[in-house]
Amino acid sequence: MSEAYEQAWRASIAQPEQFWLDAAGKIDWFDAPARGWDDRRGWFPGATLNTAYNCIDRHVAAGRGDATALVYDSPVTDTVAAFSYAQLQDEVGQVAAMLASLGVVAGDRVILYMPMIPQTVFAMLACARIGAIHSVVFGGFAPLELAKRIDDATPRVLLTASCGIEGARTIAYKPMVDEALALAAHPVERVVVFQRDRLLADLIDGRDSDWQELRQASAADPVPPCARMAADDPLYILYTSGTTGTPKGVVRENGGHAVALAWSMENIYGIGAGDPFWAASDVGWVVGHSYIVYAPLLVGATTVLFEGKPVGTPDPGTFWRVMSRHGVKSFFTAPTAIRAVRKEDPDAAFLKEIGTGACRVIFLAGERADPDTIAWLEEQSGLPVIDHWWQTELGWPGVASCYGLGDLRRKRGSAGFPVPGYQFEILDEEGKPVAAGQSGAVAVKAPLPPGAFRTLWNNSSGFAKNFATFPGWYETGDAGHFDAEGFLNIMGRTDDIINVAGHRLSTGQMEQIVAQQDGVAECAVIGARDAIKGMIPVAFVVARAGAANDGSLRQRVIGAVRHELGAVAALKTAFEVPALPKTRSGKILRNLLRKIADREEWQIPPTIEDPSVPQLVAEAMERG
Ligand code: COA
Ligand code: AMP
């Protein structure tokens, strides 16, 4: 056990305001916080700061302008480029000037639909500099999903690139943006397109601008100053899957976010100024926001922006190569990525040949890390592998072994211990705490620590729902248990959210799409186990009487989910079944379907309406 961890956790729970006011000392404020918490205004009421200033300008002012801020490593374009803090300041300033020339002011929303290129990072930070609220939409989402986010966030400007590069494929982004803008009710004033050499996009007169040309045109403009933002002013909106078809816009506030992320870099990841840190995620997800962009820069570290996949770009040695090349000290990825590497390189030949350079520790998150994957990675790399748990809503880890505090306790299958700031309880259906070893709903005591969400964009009632089941507690939506030694095991969701290759998706949303297809009488989408992606969605469809029985329905259903939700949904399997197993009250027995799909042993539940259905479903599956 680590004494430093124990002390920090106890102090954070006994005197949260003092604990976080102390942590706030690592941030430069215009108006320093006098108080920790206020029920109405949240963390650090009345304090003002600028997040981009804290990420860039203050390091330059402190004489660290020449230190490397950002390394862009893109095996898909054969590019490695580094930006010092001074260069980053210049790039961000110019994009800020470009946004200002379009009339963007503090409080305006700017949507980014962009790949993993430095311009995406510049643009996020430029928004932060001028106080505009960015909302990054992951490139794997379809136009309709982008349109939903446009209508909810009502941005003045949309920034995009001509294409993304997914392994060996080039994906044209601009046609998707055009389609989304046509679908959206909200009129976006201006679209700015970063043209990549690989594929140029057509621009529409009057609405679209070429990024480089616009930047040139505003190059002589004064760089807008770092806006004075209240601690509770939004920094960004990040949409994530909820239990309905409508995405939830998690709002991140400037003050708590900066304090929590800076604290986490030092105390969880063991990273400080000058240390290279790499989170192999995508800026479209929360991990990318927090640990590719904001947190490493807040502490003056070097962050790696990797445009590639764990395998195929060009081989399963790419992680080890990038890590070694840049002297990465702490590495963060998703278990699914390691499973993909292991599948292609089971004996870790690439790892043995390339090594892990200066890396001291590997962190995993995004889905439960299966013990087998951790064991393989620890054995092959010789490094401690720390599973840790968090969510878009929280913005930073809630369960971990705080490596930076000297805590290296690990148990395979567990995500570790409550991070300072978080008080967990496992609750039964009545909201009563259960004993160690017993499973229940994973809940966090309110108020949540700095950095965690305090509202949803345009949806305060949706936010309140997270605290309604267990008053005084935040319902995480995960199920789990503490063991006798205090390790917290997160086992899965209590709702219809699934994790596909570390991507959070709603099966309920997929079901809504499938149900709307012609010829579908009823349907269910469940998460089935997958050796690489952890889970994959599988659809069971009952055809309407008289619908053509030629397999076309399955293809249409798969096509519709890809078209409406996006390639990231990865729904590739649909079965046409004669009926769905249901209880006598008409509830679909999803657990039973899951077992059948996973080819596990299943039993007929006593509540079933028609006991012959499960066998018919299993037979339909075997027929393929
Ligand atoms: N833009 C456009 N399309 C994208 C995309 C993006 N940014 N990201 C993914 N897609 C597409 C993929 O090309 C794929 O399309 P396809 O069905 O035509 O092949 C589809 O969405 C599904 O992608 P994915 O689930 O990523 O599958 P994959 O086979 O391409 O890769 C892994 C599998 C495991 C290698 C990959 O998912 C991975 O690296 N996962 C780690 C995720 C992660 O870091 N998550 C963050 C949490 S820490
Ligand atoms: P996201 O909001 O996309 O980060 O997804 C959050 C969800 O991913 C959590 O609610 C969990 O269900 C799951 N998750 C993330 N990390 C872990 C982990 N280390 N162990 C188990 N589940 C995890």
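Predicted model: local features only at pLDDT ≥ 70, side-chain atom pairs only at ≥ 80, totals over all residues.

Trainee: OK, how is the protein chain divided into domains?
Mentor: There's domain 1, made of 3–308 + 388–465, and domain 2, which covers 499–623. Taken over C-alpha atoms, their centres are 35 Å apart.

Trainee: And how many residues does each one bring to the contact?
Mentor: Domain 1 gives 20 residues and domain 2 gives 13 residues.

Trainee: What area is buried between domain 1 and domain 2?
Mentor: About 1200 Å², with carbon and sulfur atoms giving 46% of that. On the domain 1 side, S241, G245 and W285 lose the most area to domain 2, and together they make up 34% of what that side buries.

Trainee: How many salt bridges does the rule find across that interface?
Mentor: One. The side chains of E393 and R504 meet in a salt bridge, at 2.8 Å from N to O. As for polar contacts, eight residue pairs are counted between domain 1 and domain 2, both partners being at pLDDT 80 or more.

Trainee: Which helix gives the largest share of the side of domain 1 that touches domain 2?
Mentor: Helix α6, residues 143–153, with three residues. If you sort that side of domain 1 by class, you get five nonpolar, nine polar and six charged residues.

Trainee: Switching to the ligands. Which residues come nearest to ligand 2?
Mentor: H388, T392, D478, R493 and R504, out of 15 residues around ligand 2.

Trainee: What do the polar atoms do around ligand 2?
Mentor: Start with D478, where a polar side-chain atom lies 2.5 Å from an oxygen atom of ligand 2. N499 also has a polar side-chain atom by an oxygen atom of ligand 2, at 3.1 Å. With G366 the backbone is involved: one of its polar backbone atoms is 3.1 Å from a nitrogen atom of ligand 2.

Trainee: And ligand 1, how many residues surround it?
Mentor: 23 residues, the closest being R169, K309, K533, R562 and K572. For R169, an N or O atom in the side chain is 2.8 Å from an oxygen atom of ligand 1.

Trainee: What about the nitrogen atoms of ligand 1?
Mentor: Y173 places a polar side-chain atom 3.1 Å from a nitrogen atom of ligand 1. A backbone N or O atom of G140 lies 3.5 Å from a nitrogen atom of ligand 1.

Trainee: Back to salt bridges. How many are there in the whole structure?
Mentor: The search finds 38 salt bridges. One to look at is R454 with E253, where the closest N and O atoms are 3.0 Å apart. That pair links distant parts of the chain, 201 residues apart: R454 is in the loop between β24 (440–445) and α15 (460–465), while E253 is in strand β15 (residues 248–253).

Trainee: Which other residue touches both of those?
Mentor: D232 does, and D232 touches R41 too, leaving out residues up to four places away in sequence. The side chains of D232 and R41 are joined by a polar contact of 2.8 Å. You'll find D232 in the loop between β13 (229–230) and β14 (234–240).

Trainee: Last topic, the backbone. Where are the cis peptide bonds you wanted to show me?
Mentor: One joins T313 and P314, with omega about -5°. P314 is in the loop between β17 (302–306) and α11 (318–325). Another runs from A446 to P447, with omega near -5°. P447 sits in the loop between β24 and α15, and R454 is in that loop as well.

Trainee: And what is phi for F44?
Mentor: Near 55°, a positive value in a residue other than glycine. F44 is in the loop between β2 (42–43) and β3 (48–49).

Conventions: Residues numbered from 1 in each chain as written. Chains lettered and ligands numbered in written order. Heavy atoms only, no water. Domains from an automatic or database assignment. Contact = heavy atoms within 4.5 Å. Buried area = accessible area lost by both parts, 1.4 Å probe. Salt bridge = Lys/Arg side-chain N within 4 Å of Asp/Glu carboxyl O. Polar contact = N/O pair within 3.5 Å; in protein donor to acceptor, adjacent residues only side chain to side chain. Helix = DSSP H or I, 4+ residues; strand = E, 2+ residues; numbered from the N terminus. Nonpolar A, V, L, I, M, F, W, Y, C, P; charged D, E, K, R; others polar. Near = heavy atom within 4 Å.
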